[in-house]
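Reader: Could you take me through this protein chain, beginning with the overall picture and then going to particular places?

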Amino acid sequence: MERTVLQLTLFGLLLALATTLPNKDDWDIYSFHINSTVTDRYATTVITSRVANRMDESKEIEFHVRIPKNAFISKFRMFIDGQAYDGIVKAKEQAQKQYTDAVSRGQSAGIVSSVGRTLEEFKTSVTVAAHQKVTFELTYEELMKRTLGKYELQIHARPMQPVKDFKVDVYIHEKAGISFINVKGGLSTKALANAITKTHADKQAWVHFYPTEDQQKTCDSCGVDGMNGDLVIVYDVNRDTSLGDIKKSDGYFVHHFAPAGLSRIPKNVVFLIDQSGSMHGRKIEQTRIALIHILNDLAEDDYFGLITFDGDIIHWKRELVQASSGNVESAKSFARTIRDRGATDINQAVLKGASMLNAHPREGSASILILLTDGDPTSGETNIEVIQSNVRRAIADKFPLYCLGFGFDVNFNFLEKMSLQNNGVARRIYEDSDADLQLKGFYEEVATPLLTDLTLLYTGGTNLTQTNFSMYYNGSEIVVAGQITDNDVETFAPQVVAISGRRKVTFSGTNTSVESTGTESGGHIQRVWAYLTVKQLLEKELQLSGPEKEKVKKDALELSLKYSFVTPLTSMVVTKPPGENTDVLHKPKEGEAPGRQANTRIRQHSFRLHSPPSHRGFAGMMPSKKHLHDVIHLNATVTNYDPRVNNPLLFTHRDARFSVNARSFIILFSANAMLPDMKRGGGAGYHMISGGMAGPPVGAGGGAGYPLAAMPVPAFDMEDFDDAFYAAAPIGRADSIPRRPKLQKRPGNRPRPTFVAAATTPAPLLHRFLLKTDSASPPLCFDVNGAALLKLLHHPSRELYVNGELDSVTNGGFKKIVIHFTADQHVEVTTTGVTVRLGQNVTHHTGQDPITVGSMTVIRRDKEIDVAAADARLIILVHQKNGEEFLWPVLRQKPSATNMEGILALTPAVYEEVQQASLTNLKIKDQEISATSATAVDYGVVFPLTMNCWLMSAESALQRRLDDFFVAQL
């Protein structure tokens with residue numbers, strides 16, 4: 001009978017939970033975006049989820065995401081019926097009553113709780129009326145930490161169901177330059193590989209993750225509930241041996257110090273291994289495996305000791321020994337015999353380890369003490385505060401103590417405080433199949449000391465974060481932020497003093513400029529300072545007691561409130577519509593259980609506006625000396641002209657543009673500035689006078705030009721030009737300009753720099769395209785002439801065809817893009833909207849609701865159109881130039897098929913630079929091609945970027961005829 005009652009009670013409880021918890025099948029997450037921007041190692045990530053209640057009654061809709069533990073939430077908003085509801089950050093004590101009352105009434109209480117090793121969970125919910133929508137927007141911030149020579153930006157994707165409009169966009173801007181960038185994580189699998197696109201351009205990088213709805217169901221980390229996994233962006237920046245990167249703005253600075261090229265320092269290390277009974281089973285087995293790996297990695301000039309402990313202390317050797325091969329093998333044999341037993345005497349173990357290091361001082365070396373334990377002290381001295389005091393006195397700031405807490409039974413706060421008091425850190429080792437790798441990974445972080453006893457000095461700096469560090473390890477980074485006194489950057493002088501082996505080294509700022517970031521990114525420098533200050537104040541608060549502790553806590557709280565950071569001292573009160581419960585979101589401490597408390601380089605290029613040989617309409621129309629004299633007198637200013645040495649000839653004029661290069665000079669006149677008998681062509685075209693080689697029209701790219709001898713044009717004597725030039729005084733100030741020596745006239749054997757009159761047709765309409773590389777090498781670029789119709793993507797096996805029509809704006813983009821999917825599904829995209837043709841039905845869309853066309857989905861956002869068809873995902877960006885909007889397509893997910901054609905299907909460029917005197921050729925597929933250094937605008941990103949590129953003919957860049965990419969109709 002009792003069993004029956006128990007079963008009924010459990011069933012009733014489950015039924016009650018089922019009726020009170022939100023049912024995600026009742027709503028539709030139609031859009032889920034993650035946008036992360038990293039600027040100088042500081043990441044700001046925004047998660048936006050748009051949800052619709054498709055039911056005929058009100059439903060509770062949940063927002064549930066995971067964020068990195070190291071991050072601070074700084075903003076949360078909900079939009080319902082056009083009304084914004086903002087989360088408010090308050091002191092935890094002020095919000096506690098609201099939180100407790102909500103929980104006691106059994107109401108929904110939002111929380112931020114720890115999940116796994118590196119993530120925290122954010123959860124809240126709101127009631128949405130029938131057929132209404134809600135938008136959730138969460139912002140969090142974090143300072144990237146460099147470990148083992150790289151930064152890792154972790155993004156967790158868990159929308160709770162497959163989403164039509166799902167995307168992750170990451171933009172990284174590092175002024176030091178990005179040395180490499182890779183993508184890994186559970187979502188970076190073969191099944192999702194074509195959903196990830198990566199672009200790297202010197203100081204900037206973009207990563208896009210655009211899986212289709214089908215892919216969100218079938219990948220390794222996917223299922224009927226959609227994706228549940230991580231995308232990890234791994235990168236590092238360029239480094240040198242100097243003081244490092246220092247950025248300042250609006251009175252704040254941040255200093256990243258990680259010099260390269262330093263020699264390693266031999267180390268003295270003692271390992272303290274807990275072998276108490278609680279380490280039984282897999283823990284002790286994984287510890288043995290990890291310890292043997294670590295011993296193998298010791299360098300021969302290292303010295304080491306090994307102590308195991310339970311209620312007793314067991315020495316492998318009673319003093320440090322050199323890591324010779326014999327000693328390492330002996331230590332490994334000892335490690336294999338470690339067995340779990342007895343109690344836990346942490347106090348004696350740490351004191352013995354410290355004694356071994358103190359007894360073996362070695363000049364030019366670095367000492368480290370590493371403790372691994374899985375429980376509380378249960379033997380010997382068990383008073384935590386006494387143990388911490390004993391350890392602090394024994395170490396006396398001479399070396400760092402690192403504490404590794406194995407599992408969740410350990411008193412992590414005790415270990416963390418003891419580590420921080422002794423210049424170390426505490427790390428939790430998770431009980432999992434890879435625990436041995438976690439142990440080995442931590443050791444690798446501290447295995448190679450490069451500098452000791454570091455002091456970072458900042459003359460003219462105040463309100464500094466931590467400036468003294470016991471060690472700098474290979475692959476790590478030291479970050480200091482502060483304020484510049486009176487914002488006087490001229491008197492601000494940074495310096496780093498440290499010990500490298502046996503010598504003192506100083507890194508000064510004599511060769512390092514303090515770079516101003518400008519007002520557009522100034523806010524993030526101040527937030528880096530606030531973030532770092534709060535983090536370090538929280539660590540300091542953990543170590544202190546009494547009035548000092550309260551003072552530090554107060555300072556951390558004030559900063560948290562000022563910058564709206566959700567920290568262990570603050571909570572976010574989530575406001576909701578009237579009648580809804582108020583959620584209070586707390587950030588837990590480590591180990592707390594859920595539910596508890598850039599410069600663009602610009603180069604000037606000479607564009608030659610000669611007409612090709614077929615344009616011969618101006619033979620015999622050469623201007624006379626008088627006319628040339630008139631032209632020069634049109635208020636032109638002439639500088640740097642010395643005809644004796646063929647200096648560059650530079651003109652500026654309201655009706656003319658003059659430019660030159662080193663070996664020839666080029667003068668471009670507007671039609672209005674030319675002679676009356678040369679205007680017969682009409683229009684405002686340009687005419688050119690040139691000494692040297694005549695080339696194709698501006699921007700045509702490729703080729704060395706047409707030899708003058710091959711062009712049927714009249715010649716004009718340079719000496720005649722000199723006469724006309726000097727006659728132009730005083731405008732040209734001819735009195736101060738030396739004349740060119742007269743040349744001896746020998747018929748048929750005289751240099752004859754030539755004036756060529758070009759046709760007066762308008763300048764050609766050109767669009768410049770980029771063909772990027774997979775490396776950091778500059779992309780190739782080429783020009784397409786006219787408002788052509790281009791084949792963008794043809795995917796015959798999927799019946800997908802995308803064509804585009806170029807606009808009439810020079811270096812603009814597309815005015816129209818048409819997508820054909822199967823025989824009767826057509827989508828036409830312009831800057832004003834989307835037109836859908838499904839069979840005989842035609843509809844025009846201007847809103848942002850998803851559009852379904854058969855199996856094709858089109859989503860129109862503010863400045864982009866997202867098209868998903870079959871296994872392809874196309875983004876059409878909307879840009880503006882000179883007030884005119886245009887389109888630019890980008891393939892975010894490239895189909896896996898090999899028979900695709902079109903501009904968007906091109907593979908990354910691969911080339912080798914071949915230097916020839918002052919010229920540069922590129923070797924592409926064993927063919928040397930002449931290339932010119934140029935610039936082009938990359939319209940394939942949200943904010944267009946001007947890039948350096950190698951300009952060549954379209955045929956050279958594409959390695960096939962440009963005509964192959966033209967279509968007869970859209």
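Predicted model: local features only at pLDDT ≥ 70, side-chain atom pairs only at ≥ 80, totals over all residues.

Reader: How many helices and strands does the protein chain have?

Author: The protein chain has 14 helices and 57 strands. Helices (H or I, at least four residues) and strands (E, at least two) are DSSP runs, numbered from the N terminus.

Reader: And what share of the residues is buried?

Author: Of the 970 residues in the protein chain, 52% count as buried. Buried means under 20% relative accessible area, exposed means over 50%, and partly exposed lies in between, with a 1.4 Å probe and protein chains only.

Reader: What is the accessible surface of the chain?

Author: The accessible surface comes to about 43100 Å², and 49% of that belongs to carbon and sulfur atoms. Such areas come from the Shrake-Rupley method with a 1.4 Å probe; for residues, only the protein chains shown count as cover.

Reader: Let us turn to helix packing. At what angle do α7 and α8 pack?

Author: Helix α7 (residues 384–395) and helix α8 (residues 412–421) pack at about 25°, and their axes are 10 Å apart. The axes are lines fitted to C-alpha atoms, for helices over the stretch in contact, and angles run from 0 to 180 degrees between N-to-C directions. The two helices are therefore roughly parallel to each other, a label for angles under 35 degrees; over 145 is roughly antiparallel, 65 to 115 roughly perpendicular and the rest oblique.

Reader: Which residues meet there?

Author: From α7, I384, I387, Q388, V391 and R392 meet F414, K417, M418 and Q421 of α8, where contact means heavy atoms within 4.5 Å. By class, this contact has 5 nonpolar, 2 polar and 2 charged residues. Ala, Val, Leu, Ile, Met, Phe, Trp, Tyr, Cys and Pro count as nonpolar, Asp, Glu, Lys and Arg as charged, and the others, Gly among them, as polar.

Reader: What about α4 and α9: how do their axes cross?

Author: The axes of helix α4 (residues 282–296) and helix α9 (residues 435–446) come within 8 Å and cross at roughly 35°. On the α4 side the contact involves Q286, T287, I289, A290, H293 and I294, and on the α9 side A435, D436, L439, K440 and Y443. These residues divide into 6 nonpolar, 3 polar and 2 charged.

Reader: Now single residues. Where does D40 lie, and what is its phi?

Author: D40 is in the loop between β1 (27–39) and β2 (42–53). Its phi is positive, about 50°, although D40 is not a glycine.

Reader: Is D40 buried or exposed?

Author: D40 is buried, at a relative accessible area of 2%.

Reader: And D926, buried or exposed?

Author: D926 counts as exposed, because its relative accessibility is 71%. D926 sits in the loop between β54 (919–924) and β55 (927–930), and its phi is positive too, near 65°.

Reader: Lastly, what is T197 in contact with?

Author: Leaving aside neighbours within four places in sequence, T197 is in contact with W206, V207, H208, L891 and R892. T197 belongs to strand β12 (residues 196–201) and is buried, at 18% relative accessible area.

Conventions:
Residues numbered from 1 in each chain as written. Heavy atoms only, no water.
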